[in-house]
Amino acid sequence: MRYLALPLLSQNLTESTARAQTLSLYLQLSLQVSLSQRNESTMSSSSSSLPSCPKKVVTLKSSEGETFEIEEIAALQSKTLENMIDENCADTPIPLPNIKGKILAKVVEYCNKHAEVGVDAESLRAWDAEFVNVENTTVFDYILAANFLEIPTLLDLTCQSVADMIKGKTPAEIEKTFNIKSAFTPEEEEQVRRENQWAFE
Amino acid sequence: MASFPNDITTDILSQLPVKSVARFRCVCKSWKSLLTGACFINAHFDRSSKYRTVSLLKYDDNNSSRIGVYRPHHRELSHLNPSSGHPSRYNVVDSCNGILCLSVYYKDKPGLPDIFLWNPSIHECMVVPQHHCRVSGLIAFGFNPLSGHLDDFKVVNINFNFGARTDCHSSRAQIYSLRSNSWKKIGNVFSSWLGRNLGHQVIFQNFICWGTHARVNGQIVASLVSFDMVEEVFREMALPDSMPSEEKFITLFEGCLSLIVQNPSSQCYEVWTMKEFGVTESWAKLYTTTVLMDGFLQCWPLGAASSGEVLFVKSFYCELRLSLTSYVVSYDTRRREFEEFKVGVEAYCSSRLVNYTESLVSVVTRD
């Protein structure tokens, strides 16, 4: 059995680079899987030979290596996962090096909930509201995960909740919330405040 | 800490009201740059038009003009504050992309009004430079949606010369562009007998539209006049024979070009809508109201609010005070009854209803 040289995934990846690397890693892995299947052996030690089960499941692997299972139907909410499923790259665990286990678990929970049938709009809205009723840092992590996995409903929900949360804040509070450094000189700050004075009244 | 890509930051911040956005320009240099850029202003306006469109009611009271936000099921208006450099008494030509076009006529300078472009959301007001021709009262306002710039505003001025004989009518139009800050002539217009009764304008897609009628040889002839902001030409559109030929008031009803029409036989107003723009046969009567045109209470339509109610000005002559008292009232076309809303105004002719969407579009800073 050939061993793949896994590329070193650095901490400071941008979303698109991480996605591209993951996809390319994926394609290589799936090629190995289809080659091995012909020899009737599999790459991954954790899964057994593929059974013919009715519910297809996708396995996701967090940045710390923890695995989470998600039904294919729920995974389709993520355009990224949908593309992988379409290209038959989703038969082995999909590594998501940018997403921590704690966050990935919740994202899976979100997708499962939104794939459920027979939930009325009102209770789904209430569930969504509870979902984002968490610390800011967690909501920010949800946003990054939803952006990476391309889950439009989760991205809309989380962006709106951040917008609602910051609506009435002062610039100083915004700097604190997003850990931003002002970088204005005192004169520049004075000028921009003057130009927008009416917004502070 | 989370550092979002720009498109996510734009996604979040474009949901905020204008006041918050202006405040957040003071957060840091990169936010200032993002929040003053044309790309963000467009994204923000897109969202604004979906969720934050209201109706503004302009009226005169005690010799000064006021503008209030009309909200359905509310008894009163919440008023807009004037900005500095803002005239105290004016007419509202129309509203477009968050900008209101105002005209002010002065007794000592007849025929030379001041024209203002005002963004009440960001408190910016500018005066359109004077042009040398006399104005006979028609100023039109719109923007070119195909140029890709939200601030590609145009002000059209039409001069009519009414000769003594009917064949001496002529007209000339000139157009001002904010982006080039200059006027230019656009030549002859249309049979100017139509110009006598153009009334208020409405902006629909890339057209400025007016409903008009005139008595020609004892017959009432009515049509729709439009000015194409892209091709800068005027066109006339016939109205269907099935529509009563009395006076018509143009408005936008549920996003479609509509006319509030007087039906002489029932003495009530009707709401007609053109389902397909430019197609005369697509005019259809949507509602018959129970609002009487005449009688003890004079009743004139201002137009439809963005929430669907039709606003009217009801006037009655008060014998005690020997004066005409007027109120703006709101009529629900589905429930066929008046709402509790009532605002005292000076007169019908100085009242105006326009749809408004708040925006960050600047008329002052040019890039």
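# Exercises on a predicted two-chain model

In chain A, residues 24 or more positions apart account for 61% of the contacts with a separation of 6 or more, a contact being heavy atoms within 4.5 Å. The model is predicted, so local features need pLDDT of at least 70 and side-chain atom pairs count only at pLDDT 80 or more, while totals for chains, interfaces and linings use all residues. Residues are numbered from 1 along each chain as its sequence is written, chains are lettered from A and ligands numbered from 1 in the order in which they are written, and side-chain values use heavy atoms, with hydrogens and water left out.

## Exercise 1. The fold of chain A

Describe the secondary structure of chain A and state what share of its residues is buried.

Solution. Start with the elements: chain A has 9 helices and 3 strands, where helices (H or I, at least four residues) and strands (E, at least two) are DSSP runs numbered from the N terminus. Next, read them in order along the sequence, which gives α-β-β-α-α-β-α-α-α-α-α-α. Finally, turn to accessibility: of the 201 residues of chain A, 38% count as buried, where buried means under 20% relative accessible area, exposed over 50%, and partly exposed in between (1.4 Å probe, protein chains only).

## Exercise 2. The interface of chain A and chain B

Work out how much area the two chains bury between them, and which elements of chain A give two or more residues to the side that touches chain B.

Solution. Begin with the residues, of which 37 in chain A are in contact with 27 in chain B. The two chains bury about 2,800 Å² between them, 72% of it on carbon and sulfur atoms; buried area is the accessible area (1.4 Å probe) that two parts lose on being put together, summed over both. Within chain A, the residues that lose the most area to chain B are A:Lys167, A:Phe184 and A:Trp198, together 21% of what that side buries.

Then consider the polar side of the interface, where 7 residue pairs are in polar contact, both residues being at pLDDT 80 or more. A polar contact is a pair of N or O atoms within 3.5 Å; within protein, one must be able to donate a hydrogen and the other to accept it, and residues adjacent in sequence count only if both atoms are side-chain atoms. The elements of chain A that give two or more residues to this side are helix 6 (136–148), helix 7 (152–166), helix 8 (171–178) and helix 9 (186–195), and helix 7 gives the most, with 6 residues.

## Exercise 3. Salt bridges across and within chains

Solution. The definition comes first: a salt bridge is a side-chain nitrogen of Lys or Arg within 4 Å of a carboxyl oxygen of Asp or Glu. The structure holds 23 salt bridges over all chains, and the rule finds 1 across the interface of chain A and chain B. That bridge joins B:Lys29 and A:Glu188 (3.4 Å, N to O), and the pair runs from helix 9 of chain A to helix 3 (residues 29–36) of chain B. A:Glu188 is partly exposed, at 27% relative accessible area, and B:Lys29 is partly exposed as well, at 41%.

Within chain B, the closest N and O atoms of B:Glu346 and B:Arg89 are 2.9 Å apart in a salt bridge. B:Glu346 lies in the loop between strand 23 (337–345) and strand 24 (352–357), and B:Arg89 in the loop between strand 3 (78–79) and strand 4 (91–96), so the pair ties together parts that are 257 residues apart in sequence. Both residues also belong to a network of salt bridges that links B:Lys58, B:Asp60, B:Arg89 and B:Glu346.

## Exercise 4. A pair with unlike accessibility

Is B:Glu270 buried or exposed, and where does its salt-bridge partner B:Lys285 lie?

Solution. The side chains of B:Glu270 and B:Lys285 meet at 3.4 Å, N to O. B:Glu270 lies in strand 18 (residues 268–274) and B:Lys285 in strand 19 (residues 283–292), so the pair ties together parts that are 15 residues apart in sequence. B:Glu270 counts as buried at 2% relative accessibility, whereas B:Lys285 is partly exposed at 43%.
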